[in-house]
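Reader: I am new to this structure and would like to ask a few questions about it. May we begin?

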Amino acid sequence: MKVGEALTAYRAERKVIVQQRRDLYKQKESLEKRMNATEGGRERYADEAATLQLSIDSLNQRFEENLKVLDQLTEQEAAVWNGEVAKQQADAMEEYAIDMAKIMEVAHRISTGGIVPASDEKKLLDYSFEMYQAAKNMGAMVQMQKKREKYDSLWDDEEEEQQEYDPAGKAYNAETDIGMPASAAEGGEASVDAAAI
């Protein structure tokens, strides 16, 4: 089961439980009014009050269990999300390091008197005007002394493939070993009948 699907199911179950608890607390309040309004009401309605309290306790326990599972699922979702973001950051740093190495190589080629494509020169200039100027000055001095080598672009041979990052999608679609809540597995909303307990 996917984390996102499990989160959706457990959140839906929690809403059902909360509504059932509200209903039972209203019934309890109504019962207490009847108990106080009727002479001997405490003894007369004692069984109904006990049954109602058992139903409330059962729902409170289900709510706590549901909350624990939601916490586990949220932690799983956050872990996958954070992993995907870390991967994205690592890829960006790797790409930056590769570009820096290329920029340094272009500066080296220019400074040794080589002829580099205009697009490579522009990338060096965009990165650092000072580095570009220093490389050009050194290259001008070397040009007079030896034959110049012509280079191909360092960037043209690359296919710029952009990797898509979707931390939310990855987190939602991550697999979990937590099953569906009991109410969803039975195919409908679970209801608590105070008289059945």
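Reader: How are helix 3 and helix 5 oriented to each other, roughly parallel or roughly perpendicular?

Author: Please note that this is a predicted model. Helix 3 and helix 5 are roughly parallel, because an angle under 35 degrees counts as such and theirs is about 30°. Their axes lie 7 Å apart.

Reader: Which residues meet there?

Author: From helix 3, Ile 103, Met 104, Ala 107, Ile 110 and Ser 111 take part. Helix 5 supplies Met 131, Ala 135, Lys 136, Met 138, Gly 139 and Val 142. Sorted by class, this contact has eight nonpolar, two polar and one charged residues.

Reader: And at what angle do helix 3 and helix 4 cross?

Author: Helix 3, residues 46-111, and helix 4, residues 118-127, cross at roughly 110°, and their axes come within 9 Å. That makes the two helices roughly perpendicular. Their crossing is left-handed.

Reader: What residues does helix 4 bring to that contact?

Author: Asp 120, Glu 121, Lys 123, Leu 124 and Tyr 127 in helix 4 meet Met 100, Ile 103, Val 106, Ala 107 and Ile 110 in helix 3. These residues divide into seven nonpolar, no polar and three charged.

Reader: Changing topic, is Asp 120 buried or exposed?

Author: Asp 120 counts as buried, because its relative accessibility is 1% and the cut-off for buried is under 20%.

Reader: What does Asp 120 touch beyond its sequence neighbours?

Author: Leaving aside residues up to four places away in sequence, Asp 120 touches Val 106, Asp 152, Ser 153, Leu 154 and Trp 155. Asp 120 and Trp 155 are 35 residues apart along the chain, with their C-alpha atoms separated by 7.4 Å.

Notes
Residues are numbered from 1 along each chain as its sequence is written. This is a predicted model: local features need pLDDT of at least 70, side-chain atom pairs count only at pLDDT 80 or more; totals for chains, interfaces and linings use all residues. Side-chain values use heavy atoms; hydrogens and water are left out. Axes are lines fitted to C-alpha atoms, for helices over the stretch in contact, and angles run from 0 to 180 degrees between N-to-C directions. Helices (H or I, at least four residues) and strands (E, at least two) are DSSP runs, numbered from the N terminus. Angles under 35 degrees count as roughly parallel, over 145 as roughly antiparallel, 65 to 115 as roughly perpendicular and the rest as oblique. A crossing is left-handed if the near helix is turned anticlockwise from the far one by less than a right angle, and right-handed if clockwise. Contact means heavy atoms within 4.5 Å. Ala, Val, Leu, Ile, Met, Phe, Trp, Tyr, Cys and Pro count as nonpolar, Asp, Glu, Lys and Arg as charged, and the others, Gly among them, as polar. Buried means under 20% relative accessible area, exposed over 50%, partly exposed in between (1.4 Å probe, protein chains only).
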